[in-house]
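Please keep the sequence and the structure open while I talk.

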Amino acid sequence: PGKLEASISDAVQPADIQTLPLEGNNIYSILLFEPGTSASNATTRSLGISANGLRPSSSTFLLDGVESNFYLVSGPLLAVAPEAVQEYRLSTNNFSAEYGGAAGYIANAVTRAGGASWHGQTYFNLENEILNANGFQDNASGFARRPSKEDRVGFFVGGPLRRNRLFIGASTEYFHTFDEQAPTPILLPNASFLKYA
């Protein structure tokens, strides 16, 4: 029997990763399904997700057990495609001293590995304004649908290099996006403009 751990954590399995709705196709958005977590769009620090009332910047992101923090914005250094993740562990409280830099939560993603037989997965995701309806405000103002395009293509492949001894797993993803925001009228000169003149 293994030792008991007092940490409050949850392991997300591959089947859950494939079926759960992920905002922006971001694997770390699964944090919002945990009890005691909340999101705030008012902050640009980290992902805007806080656990147990602590600041969003009091978090640690791990990739295969190695620290993967982007300290400038206190978020993950690398964006990992959900299709490349084997397991995902979220710890929100009472984690051990080995994770000494975090107070809020720990997000540990483990990438997929090769196995005894060759296997793979390809995927393609397309978003286009042709498939969307126009927004209410744009219709009311007489604006047509604004361009909004997003292409996401990727693959994963894994298998043995030497039977029962050496395995390999590799994945890559291409992401391209283009979007236009609603027009904003600005009257010049105004008070803030004259202040810098």
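This is a predicted model: local features need pLDDT of at least 70, side-chain atom pairs count only at pLDDT 80 or more; totals for chains, interfaces and linings use all residues.

Let me start with Asn164, which sits in the loop between strand 11 and strand 12; strands here are DSSP runs of E with at least two residues, helices are runs of H or I with at least four, and both are numbered from the N terminus. Asn164 has a positive phi of about 60° although it is not a glycine. Most residues other than glycine have a negative phi. Asn164 is also exposed, at a relative accessible area of 58%, where exposed means over 50%, buried means under 20% and partly exposed lies in between, with a 1.4 Å probe and protein chains only. Asp64 is likewise not a glycine and has a positive phi, of about 55°; Asp64 belongs to the loop between strand 4 and strand 5 (66–67) and is partly exposed, with a relative accessible area of 41%.

Residues are numbered from 1 along each chain as its sequence is written, and side-chain values use heavy atoms, with hydrogens and water left out. As for pLDDT, the predictor's confidence in each residue from 0 to 100, the chain averages 80, and 93% of the residues score at least 70.

Now to the charged pairs. How many salt bridges does a search of the whole structure find? There are four, a salt bridge being a side-chain nitrogen of Lys or Arg within 4 Å of a carboxyl oxygen of Asp or Glu. Arg152 pairs with Glu83, their closest N and O atoms being 2.7 Å apart, and this pair links distant parts of the chain, with Arg152 in strand 11 and Glu83 in the loop between strand 7 (75–76) and strand 8, 69 residues apart. Arg152 is buried at 6% relative accessible area, and Glu83 counts as buried at 12%. Arg152 also forms a salt bridge with Glu173, again with the closest N and O atoms 2.7 Å apart; here Arg152 in strand 11 is joined to Glu173 in strand 12, 21 residues apart. Glu173 counts as partly exposed, at 34% relative accessibility.

What about the interior? The largest nonpolar core has 19 residues, of which Ile17, Ile27, Tyr28, Ile30, Tyr88 and Leu90 touch the most other members; such a core is a set of buried Ala, Val, Leu, Ile, Met, Phe, Trp, Tyr and Cys residues joined through side-chain atoms within 4.5 Å. Strands 3 (49–51), 4 (59–63), 8 (85–93) and 9 (105–111) each supply at least two residues of this core.

Finally, the surface. Trp118, Phe155, Val157, Leu161, Leu166 and Ile168 form a nonpolar patch there, with about 550 Å² of accessible area together. Strand 11 gives the most to the patch, three residues. Phe155 is found in strand 11 and is partly exposed, with a relative accessible area of 35%.

Conventions:
Patches are made of residues with over 30% relative accessible area and no salt bridge: like charges are joined within 9 Å, nonpolar side chains (Val, Leu, Ile, Met, Phe, Trp, Tyr) within 5 Å. Accessible areas come from the Shrake-Rupley method with a 1.4 Å probe; for residues, only the protein chains shown count as cover.
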